[in-house]
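Colleague: I have a protein model on my screen and would like to talk through the contacts in it. Could you walk me through them?

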Amino acid sequence: MPRITIADASAHAGETVSIAGWLYNLRKSGKIVFPLLRDGTGLMQCVAVKSALPEPVFEEIKNLTQESSLILTGKVRAEARAPGGFELEVEGVEVLQRVPESDPYPITPKDHGTEFLADRRHLWLRSQRQHAIIRVRHEVIKAVRDYFDSHGFTLVDTPIFTPAACEGTTTLFEVNYFEDEKAYLTQSGQLYNEANAMAFGKVYCFGPTFRAEKSKTRRHLTEFWMVEPEMAFADLEEVQRVAEEMLIFVVGRVLGNKREELKTLERDVTKLEAVQPPFPRLSYDEAVKILQQNGSDIQWGSDFGGTDETILTKQFERPIMVDRFPTAIKAFYMAPDPERPEVALGVDVLAPEGYGEIIGGGQRIHDHALLMQRIADHQLPPEAFDWYSDLRKFGSVPHGGFGMGIERCVAWICGLEHIRETIAFPRMLYRLRP
Ligand code: 4AD
Ligand code: MG
């Protein structure tokens with residue numbers, strides 16, 4: 001008898017099959033019970049009829065408890081009213097582990113608080129909503145990779161243990177690296193990406209990154225996944241073009257392949273369908289004016305706060321690209337605008353509906369003397385950047401790239417209130433467990 005998955009049930013209508021999974025729910029109505037089985041690929045309504053089954057089999061099914069693991073056998077039948085359009089007429093059951101009544105599955109269909117669920121994240125992942133989010137995440141990651149793989153980029157992964165800061169010294173996680181050396185968990189693969197771009201032209205890295213950010217917001221994780229393309233001979237304009245094209249590709253893929261999941265999440269897909277080129281481009285100067293007109297007390301020179309990003313992105317229905325931030329508030333490697341050195345050739349892409357920054361990037365300094373000056377201005381140890389400054393000595397070229405936080409992107413696409421649901425096991429200021 002073939003073992004099938006629920007997702008494949010339609011190809012087996014009329015056949016007797018077995019399906020291995022977990023009991024999601026059990027509805028009883030007299031002499032019929034309806035186990036709802038989940039197997040990771042979907043949900044399948046099953047029907048066990050008392051008169052059609054040996055007494056002990058029926059009793060075993062009737063007394064099943066939530067999340068017990070089991071293998072059901074039976075005939076697949078088309079049933080328009082069942083989720084997925086098919087149901088299983090049960091002929092037999094093998095229970096692998098029955099969850100005892102004395103210690104029942106803690107997550108029931110009633111409403112639980114988020115902290116309660118977060119403490120049980122290892123189990124919470126089994127619920128429909130979490131399932132949908134993680135599947136959208138998978139699609140986003142696959143789309144991102146497909147985009148770069150099909151546009152001439154080589155994947156070159158960058159290290160996680162690093163000897164120095166990339167994005168500022170205040171958010172570094174320090175680890176002991178054997179006897180007397182300190183290492184830091186990477187904040188971004190960018191610096192190594194720049195070396196890789198000088199070797200391969202167009203590259204990307206994609207991995208976990210770490211920020212010891214003491215901010216308890218709905219947008220911050222201490223461990224998150226970032227995809228970072230880097231391109232030799234690219235200016236700010238080219239960086240913006242690639243960021244826009246990639247985002248449109250990613251959103252299109254999710255709309256094309258993950259409709260069911262978006263439905264489960266009750267996502268208003270018209271908001272995603274509106275994500276079309278061109279994305280509005282505005283300067284930091286213009287953004288500050290818009291913010292001031294809309295009640296923010298931001299002054300030229302300071303970075304946007306979370307509320308500023310929310311206010312700004314609520315004005316547009318597409319992602320927006322804000323460029324030329326004050327050089328003083330940006331990382332040491334950002335190229336100053338030659339015509340206006342007080343602003344940098346950097347860009348942030350802010351997602352609509354109040355989501356805010358999902359991409360940060362821009363053009364890098366490629367002049368050796370200027371780079372060394374910036375390293376000194378930022379009080380960074382020059383010896384840690386020896387190899388990095390070499391890139392400006394041996395065939396330096398204008399170059400640039402960006403980083404997109406996968407979780408921020410998924411939170412926006414799924415329409416989530418908080419970033420914590422976009423990763424299986426979130427790491428935040430006050431959460432390291434489970
Ligand atoms: O703007 P950031 O700090 O830029 C960089 O790290 C550059 N080195 C990237 C590059 O040019 N190669 O971070 C990039 C993106 C942000 O736009 C955001 O999506 C995400 O990374 N990000 C975070 N996501 C979740 N939690 C945090 N604490 C994040 N910090 C940044
Ligand atoms: Mg940023």
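Modeller: Happy to! A polar contact here is a pair of N or O atoms within 3.5 Å; within protein, one must be able to donate a hydrogen and the other to accept it, and residues adjacent in sequence count only if both atoms are side-chain atoms. This is a predicted model, where local features need pLDDT of at least 70 and side-chain atom pairs count only at pLDDT 80 or more, while totals for chains, interfaces and linings use all residues. Side-chain values use heavy atoms, without hydrogens and water, residues are numbered from 1 along each chain as written, and chains are lettered from A and ligands numbered from 1 in written order.

Colleague: How far is a polar side-chain atom of Q190 from a nitrogen atom of ligand 1?

Modeller: Q190 is among the closest residues around ligand 1, along with E167, E213, E228 and E357. Elsewhere, a side-chain N or O atom of Y333 is 3.3 Å from a ligand nitrogen, and a backbone N or O atom of F402 lies 3.4 Å from one. For the polar side-chain atom of Q190, the distance is 2.7 Å.

Colleague: How much of the accessible area of ligand 1 does the protein cover?

Modeller: Accessible areas come from the Shrake-Rupley method with a 1.4 Å probe; for residues, only the protein chains shown count as cover. On its own, ligand 1 has 620 Å². The protein covers 93%.

Colleague: Are F332 and Y333 buried or exposed?

Modeller: They form an aromatic pair, 5.5 Å centre to centre with 75° between the planes. Under 20% relative accessible area is buried, over 50% exposed and in between partly exposed (1.4 Å probe, protein chains only). F332 and Y333 are both buried.

Terms used
Rings of Phe, Tyr and Trp (its six-membered ring) pair if their centres lie within 6.5 Å; planes under 30 degrees apart count as stacked, over 60 as edge-to-face and the rest as tilted. A residue is near a molecule or strand if one of its heavy atoms lies within 4 Å of it.
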